Amino acid sequence: MGNGITEPKLAITDDNTPVVVKTYNGPEGLLVLFNEYLCYRLAILIDIPMSKSGICLLDEDTTVYNGCITPNHYGYGFYSTYLNKSVTLIDTIISRIKNKEIFKQILLFDHIIFNTDRNPGNLLVQYYKNNINLQVIDHSHVFVNQAIWDANCLMRAMQEKIILALVFSMKIEFFMECSFETCPFIKKILMN
C-alpha cells in the first residue's frame with residue numbers, strides 16, 4: 001500500500017476482510033471510482049481474474065490501517081479484496097504461473113478500455129501452495145482521458161472507435177491468431 005496517485009487505503013470490512021479502498025473525494029476525483037467499478041464488471045464478464053471488488057461505504061467507524069481518512073472521504077468508495085500472499089509480476093515467476101493463457105486476454109482488455117497504465121505493479125501473482133495465479137488490479141486511469149473525462153469525451157471516443165472498428169478487428173484477429181514466430185514475446189510468456 002502507499003503506492004499510487006490515488007492513495008489507496010488498507011481497510012477492514014464489517015466481516016473482517018482486508019480490502020484496498022479508493023476513497024470518495026480522493027486526490028484523483030470521483031471518476032476513478034466509476035472507472036474502477038466499470039472495469040471490474042467488464043473484467044468479470046470476460047473472465048479476467050480480479051479479486052472480489054465493489055462499492056463500499058466509508059464512515060467514522062471504518063478501520064483504516066495506512067493513513068487516516070477525514071470526513072471529506074466519508075461516503076462511497078471502491079474496494080478490492082486484499083490479495084494475501086501476492087507479489088508483483090517479475091520474470092522469474094512467469095514460468096510458475098498456472099493461468100499464463102490470460103496474458104492475451106489482459107492485453108486485449110487493456111486495449112479496449114484504453115489502459116495505458118498496465119505495468120508489473122498492477123499485475124499481481126498470488127501464491128497458494130502450488131497454485132500460482134495472475135490477477136490484475138488498478139483500473140483508475142483508463143478510457144481516453146483517464147480520470148478527467150466527461151460525457152462529451154466519451155461520446156467523441158465512441159465515435160472514433162466506430163471509425164477504427166474495422167482496423168481494430170483486423171488487429172484483434174491477427175493478435176488472437178498470433179503464432180509464436182510472429183509474436184516472440186507471447187512465446188516467452190506462454191512457454192515459461
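This passage describes the overall fold of a predicted model and then turns to one of its pockets.

The protein is built from five helices and eight strands. Read from the N terminus, these elements follow the order β-β-α-β-β-β-β-α-α-β-β-α-α. The chain holds 192 residues, of which 38% are buried. When contacts between residues at least 6 apart in sequence are considered, 65% of them join residues at least 24 apart.

Attention now turns to the open space in the model. Rolling a probe the size of a water molecule over the atoms shows where empty space is left. The second largest pocket contains about 280 Å³ of space. Its lining consists of 14 residues, and those closest to the pocket centre are F103, I106, L107, R118 and L123. By class, nine of the lining residues are nonpolar, two are polar and three are charged.

The lining can also be traced back to the secondary structure. Helix 2, spanning 91–94, and helix 3, spanning 102–112, each contribute at least two residues to the lining of the second largest pocket. Helix 3 provides the largest share of that lining, with five residues. Among the residues closest to the pocket centre, F103, I106 and L107 fall within the 102–112 span of helix 3.

Definitions and conventions
Residues numbered from 1 in each chain as written. Predicted model: local features only at pLDDT ≥ 70, side-chain atom pairs only at ≥ 80, totals over all residues. Heavy atoms only, no water. Helix = DSSP H or I, 4+ residues; strand = E, 2+ residues; numbered from the N terminus. Buried < 20%, exposed > 50% of the residue type's maximum accessible area, 1.4 Å probe, protein only. Contact = heavy atoms within 4.5 Å. 1 Å grid on protein atoms, 1.4 Å probe; cavity = no way out; pocket = protein on both sides within 12 Å on 5 of 7 lines; lining within 4 Å. Points joined across faces, edges and corners; volume = space filled by probe spheres on them. Nonpolar A, V, L, I, M, F, W, Y, C, P; charged D, E, K, R; others polar.
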